[in-house]
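Hello,

Here is the structure for you to look over. My notes follow below it.

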Amino acid sequence: SSGINAEWPLRPGDVMRAFGINPTNAQIKKAQDGVDPAGKKRIGFNRFIPVFETVKKDSPPMTFEDYVEGMKVFDRDLVGYLNSGELRHLLTNMGEKLSDAEVDQIFAGLEDDKGDVQYDELIRRLMKDA
């Protein structure tokens, strides 16, 4: 079959993560029970929506602390700052790529005289604008 009822080439967890929901495999399996009894891990769109809604409801939104923990991955010395050049490279080359002008606007007033950005302040700014 073709169209909206066709089986997706992606697994439900991959699709959910693309929508910004980060479920565990256990959450996906629990929500998928009864929808995918054969355990194919691929379901049509119409059967995916209830699974998505269940997992979304059970997934708390990311908090300030979650984002700080994520930034610590790049903070080798755990000093609370990231080099603005490295951060700019990440923002303009990975994920949903930003333009240099967008990064300039985000960094405005956040870079210190060594070219570093205090990432908790960056996160506060971005969360305030969201």
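**Helix H3**

Start with helix H3, residues 45-58. Its 14 residues, at 1.5 Å each, should span 20 Å, and its end C-alpha atoms are 20 Å apart, so the two agree. Four residues of H3 are buried: Phe48, Val51, Phe52 and Val55. They cover an arc of only 105° around the axis, which means that they sit on the same side of H3. What do the buried residues of H3 pack against? They pack against helix H1 (12-18) and helix H2 (25-32).

**Overall layout**

Please keep in mind that this is a predicted model. The protein chain has seven helices and two strands. From the N terminus, the order of elements is α-α-α-α-β-α-α-β-α. Of the chain's 130 residues, 28% count as buried. Take the contacts between residues at least 6 apart in sequence: 54% of them join residues at least 24 apart.

**Cores**

The largest nonpolar core holds 13 residues. Those that touch the most other members are Met71, Leu87, Phe107, Val117, Tyr119 and Leu122. A second, separate core has nine residues, among them Val15, Met16, Ile28 and Val51. Val51 is also one of the buried residues of H3.

Setting aside residues up to four places away in sequence, Leu87 touches Met71, Leu82, Phe107, Val117 and Leu122.

**Helix H6**

Which residues of H6 are buried? They are Val103, Ile106 and Phe107. Viewed down the axis of H6, its buried residues fall within an arc of 90°, so they line one face of the helix. The face turned away from that buried side carries Ala101 and Gln105, both exposed. After H6 comes Gly109, with a positive phi near 80°.

**Largest pocket**

The largest pocket has a volume of about 620 Å³. It is lined by 19 residues. Closest to its centre are Tyr67, Met71, Leu91, Ile123 and Leu126. H4, H5 and H7 are the elements that give two or more residues to the lining.

Lys72 lies in helix H4. Is Lys72 buried, partly exposed or exposed? Its relative accessible area is 34%, which falls between the 20% and 50% cut-offs, so Lys72 is partly exposed. Leaving out neighbours within four places in sequence, Lys72 is in contact with Leu78 and Tyr119. Lys72 and Leu82 are ten residues apart in sequence, and their C-alpha atoms are 9.0 Å apart in space.

Leu78 sits in the loop between H4 and strand S1 (81-83). Leu78 has a relative accessibility of 58%; the cut-off for exposed is over 50%, so Leu78 counts as exposed. Its phi is positive, near 50°, in a residue other than glycine.

Best wishes

How values were computed:
Residues numbered from 1 in each chain as written. Predicted model: local features only at pLDDT ≥ 70, side-chain atom pairs only at ≥ 80, totals over all residues. Heavy atoms only, no water. Core = buried A, V, L, I, M, F, W, Y, C linked by side-chain atoms within 4.5 Å. Buried < 20%, exposed > 50% of the residue type's maximum accessible area, 1.4 Å probe, protein only. Contact = heavy atoms within 4.5 Å. Arc of directions from axis to C-beta. Expected span 1.5 Å × (residues − 1). 1 Å grid on protein atoms, 1.4 Å probe; cavity = no way out; pocket = protein on both sides within 12 Å on 5 of 7 lines; lining within 4 Å. Points joined across faces, edges and corners; volume = space filled by probe spheres on them.
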